[in-house]
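Please look at the model before reading on.

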Amino acid sequence: MRPPAEPPRGGRRPCAGNLLARTRDWVRSSPGTHIWLLVIGITSLVIASASEGMGQFLVHRTSSNIHQLNEHPLPSLLISGFWIERPSSFLLYVVLFELLHANVERWTGTVRWLLTVGGAHIAATLASQELVLLAIEGHQLPRSMTHVVDIGVSYGLAAAAGVLTYRLRPPWRHVYLAAVLIFFGIPLLTGATFTDFGHAIALTMGFAAWPLTPAATEGLLPEEEHGRDRAGPAEEPPPGRDPDSRQER
């Protein structure tokens, strides 16, 4: 007969193990977010360790500006989303990714999350650079703006911020929505740059991504989802009734 296991001392090991398990589960539930963060961390280290001239070359070479879009359209659209211009702001992006991207990816699933934020990044980039091109042709901006640095992850973050609106319960949803609109709306209304214009497009695409959310696929309205959660699990259908038969809206 085996002697009883010795109880843990001090309670530290179970807490540490529990925290590690929760962290592992969190990362596994949002793999796309954390792979993206890992790549950004690597590219930030590259810029931080490079000389000033090499760093400038890299951010210009990986930009999705007019010049790069004409020369290398697909690579510039994709690669520009994995670089940030100031490596010192990486920790801020870690916090934003965990708050926005990770929560949206866990809720909607990796594929739908990627379709939303990836599509918003591409659409906002193309639309904002088209605005720059029109301003250059109208002699409102210098031709040097064709080589402007246009890298970063903010368009994807703006789209995730829009989707996350549907995940929150009222009245917090309304408070959050007002804060998001103020945050992105004030720069747009007060001397907007092409980046502010891109943020507005990405945020709008996030709002428009409601059909990709789990609640929408079940035919629920945004305000009905949390009511369903409070009501508890759905009852089993009576025998002989097809559980998949639902009344169409």
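A pocket is defined on a 1 Å grid over the protein atoms alone, as an open set of points with protein on both sides within 12 Å along at least five of seven lines, whereas a cavity is a set of points where a 1.4 Å probe fits but cannot get out; lining residues have an atom within 4 Å of a point. Grid points are joined across faces, edges and corners, and a volume is the space filled by probe spheres set on the points. Rolling a probe the size of a water molecule over the atoms shows where empty space is left.

The model is predicted, so local features need pLDDT of at least 70 and side-chain atom pairs count only at pLDDT 80 or more, while totals for chains, interfaces and linings use all residues. Residues are numbered from 1 along each chain as its sequence is written, and side-chain values use heavy atoms, with hydrogens and water left out.

**Overall make-up**

The protein chain has 12 helices and 0 strands. Helices (H or I, at least four residues) and strands (E, at least two) are DSSP runs, numbered from the N terminus. Of the 249 residues in the chain, 36% count as buried. Buried means under 20% relative accessible area, exposed means over 50%, and partly exposed lies in between (1.4 Å probe, protein chains only). Contact means heavy atoms within 4.5 Å. Among contacts between residues at least 6 apart in sequence, 78% join residues at least 24 apart.

**Pockets and cavity**

The table lists the volumes and the lining classes. Ala, Val, Leu, Ile, Met, Phe, Trp, Tyr, Cys and Pro count as nonpolar, Asp, Glu, Lys and Arg as charged, and the others, Gly among them, as polar.

| Space | Volume | Lining residues by class |
|---|---|---|
| Largest pocket | about 400 Å³ | 8 nonpolar, 9 polar, 3 charged |
| Second largest pocket | about 320 Å³ | 12 nonpolar, 2 polar, no charged |
| Largest cavity | about 30 Å³ | 4 nonpolar, 3 polar, 1 charged |

The largest pocket holds about 400 Å³ of space. It is lined by 20 residues, of which Glu85, Tyr93, Ile151, Gly152 and Ser154 are the closest to its centre. Helix H6 (90–108), H7, helix H8 (154–164) and helix H10 (194–207) are the elements that give two or more residues to this lining. H10 gives the most, with 3 residues.

The second largest pocket has a volume of about 320 Å³. Its lining has 14 residues, and the closest to the centre are Leu96, Leu100, Ala161, Phe183 and Phe184. At least two lining residues come from each of H6, H8 and helix H9 (172–189). H9 supplies the largest share, 5 residues.

There is 1 cavity of 30 Å³ or more in the structure. Its lining is made of Val104, Thr108, Arg112, Thr116, Val163, Ala209, Leu212 and Thr213. H6 and H7 each supply at least two of the residues lining the largest cavity.

**Nonpolar cores**

In soluble globular proteins, nonpolar side chains tend to be buried together. A nonpolar core is a set of buried Ala, Val, Leu, Ile, Met, Phe, Trp, Tyr and Cys residues joined through side-chain atoms within 4.5 Å. The largest core here has 38 residues, and Trp36, Phe97, Leu100 and Val153 have the most contacts inside it. Helix H2 (31–49), H6, H7, H8, H9, H10 and helix H11 (214–217) each give this core two or more residues. Its largest share, 8 residues, comes from H8.

Not counting residues up to four places away in sequence, valine 153 touches Trp36, Ile40, Gly81, Trp83, Ile84, Tyr93 and Phe97. A second, separate core of 5 residues includes Ile47, Leu58, Val59 and Ile151.

Serine 128 lies in helix H7 (residues 110–137). With a relative accessible area of 0%, serine 128 is buried. Leaving out residues up to four places away in sequence, serine 128 touches Tyr155, Phe194, Phe197 and Gly198.

Threonine 33 belongs to helix H2. Its relative accessibility is 0%, so threonine 33 counts as buried. Beyond its neighbours within four places in sequence, threonine 33 is in contact with Phe97, His101, Ala102, Glu105 and Trp113.

Leucine 45 is also part of helix H2. Is leucine 45 buried or exposed? Leucine 45 counts as exposed because its relative accessibility is 60%. From leucine 45 to serine 88 is 9.8 Å, C-alpha to C-alpha, although they are 43 residues apart in sequence.
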